[in-house]
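I opened this notebook to keep track of what I looked up, entry by entry. The sequence and the model come first, and my notes follow.

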Amino acid sequence: MSLWRIFGFCMLIAFIGNTYAADDEEAAEEEGGDPAVLERPIYVPVKPAFVVNYGGPGKLKYIKLEISLRAKDTISSNAIRHHMPLIRDYLVREFSKLRDVDVDTQQGKEAVRLAALDGVKTLLQEEDGDEVGVTGLYFNNFVIQR
């Protein structure tokens, strides 16, 4: 491929990117907002993955969970990153309380997800006192060993 073709392709990509940015700014202005404030959700991975024993006394059982939190803007994502040790501690304690009934069905897993999301929102509300910008908690991986 010639150097001119590569240059032309790069220019085309730059033009398309600028077109989309202009569309976003126009949409923000139509909504009465500042174009700089128009932001897309940010996904913050909670690293490393959780490996937690659950189920109480008896045979040891483990859950491995990979989680991402969805923040509505950069301010919220920064708050999540700032409070990550507190969030991880809360989630480890909550996941340790699970029982087989909680993780056997899809409805149970969804209930665990929603409860964890509510808990994280409450935790951040107590810490920062502002409106919580966490809009979602998602399981990227959910593995059970019994």
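Predicted model: local features only at pLDDT ≥ 70, side-chain atom pairs only at ≥ 80, totals over all residues.

**Entry 1: the overall layout**

I read the order of elements from the N terminus of the protein chain and wrote it down as α-β-β-α-α-α-α-β, which is to say five helices and three strands; helices (H or I, at least four residues) and strands (E, at least two) are DSSP runs, numbered from the N terminus. Residues are numbered from 1 along each chain as its sequence is written, and side-chain values use heavy atoms, with hydrogens and water left out.

I then looked up burial and found that 29% of the 146 residues of the protein chain count as buried, where buried means under 20% relative accessible area, exposed means over 50%, and partly exposed lies in between (1.4 Å probe, protein chains only). The protein chain exposes about 9,700 Å², of which carbon and sulfur atoms supply 56%; these areas come from the Shrake-Rupley method with a 1.4 Å probe, and for residues only the protein chains shown count as cover. Among contacts between residues at least 6 apart in sequence, 69% join residues at least 24 apart, a contact being heavy atoms within 4.5 Å.

**Entry 2: strands and a nonpolar patch**

Which residues form a nonpolar patch on the surface? I found Val51, Leu60 and Tyr62 there, with about 290 Å² of accessible area together. Patches are made of residues with over 30% relative accessible area and no salt bridge, with nonpolar side chains (Val, Leu, Ile, Met, Phe, Trp, Tyr) joined within 5 Å and like charges within 9 Å.

Val51 lies in strand β1, residues 42-54, and is exposed, with a relative accessible area of 59%. Leaving aside neighbours within four places in sequence, I see Val51 in contact with Ile63 and Lys64. The C-alpha atoms of Val51 and Leu65 are 6.6 Å apart in space, although the two residues are 14 apart in sequence.

Tyr62 belongs to strand β2, residues 61-71, and counts as partly exposed at 33% relative accessibility. I next followed Val143, which lies in strand β3, residues 134-145, and is partly exposed with a relative accessible area of 40%. Not counting residues up to four places away in sequence, Val143 touches Tyr62, Ile63 and Lys64. Between Val143 and Tyr62, which are 81 residues apart along the chain, the C-alpha separation is 8.2 Å.

**Entry 3: salt bridges**

How many salt bridges does a search of the whole structure find? The search gives seven, a salt bridge being a side-chain nitrogen of Lys or Arg within 4 Å of a carboxyl oxygen of Asp or Glu.

I looked at Lys61 and Asp100, whose side chains meet in a salt bridge at 3.0 Å, N to O. Lys61 lies in strand β2 and Asp100 in helix α4 (residues 100-103), so the pair ties together parts that are 39 residues apart in sequence. Lys61 counts as buried at 15% relative accessibility, whereas Asp100 counts as partly exposed at 25%.

Asp89 forms a salt bridge with Arg93, the closest N and O atoms being 3.0 Å apart. Both residues lie in helix α3 (residues 84-96), four residues apart, about one turn of the helix. I recorded Asp89 as partly exposed, with a relative accessible area of 39%, and Arg93 as partly exposed at 43%.

Asp102 pairs with Arg99 in a salt bridge, with 3.3 Å between the closest N and O atoms. Asp102 counts as buried at 18% relative accessibility, while Arg99 counts as partly exposed at 49%.

**Entry 4: a charged patch**

Lastly I looked up a patch of negative charge on the surface, where Glu126, Glu127, Asp128 and Asp130 gather. For charge, Lys and Arg count as positive and Asp and Glu as negative, with His and the chain ends not counted, and the place of a charge is taken as NZ of Lys, CZ of Arg, CG of Asp or CD of Glu. Glu126 is found in helix α5, residues 106-128, and is exposed, with a relative accessible area of 60%.
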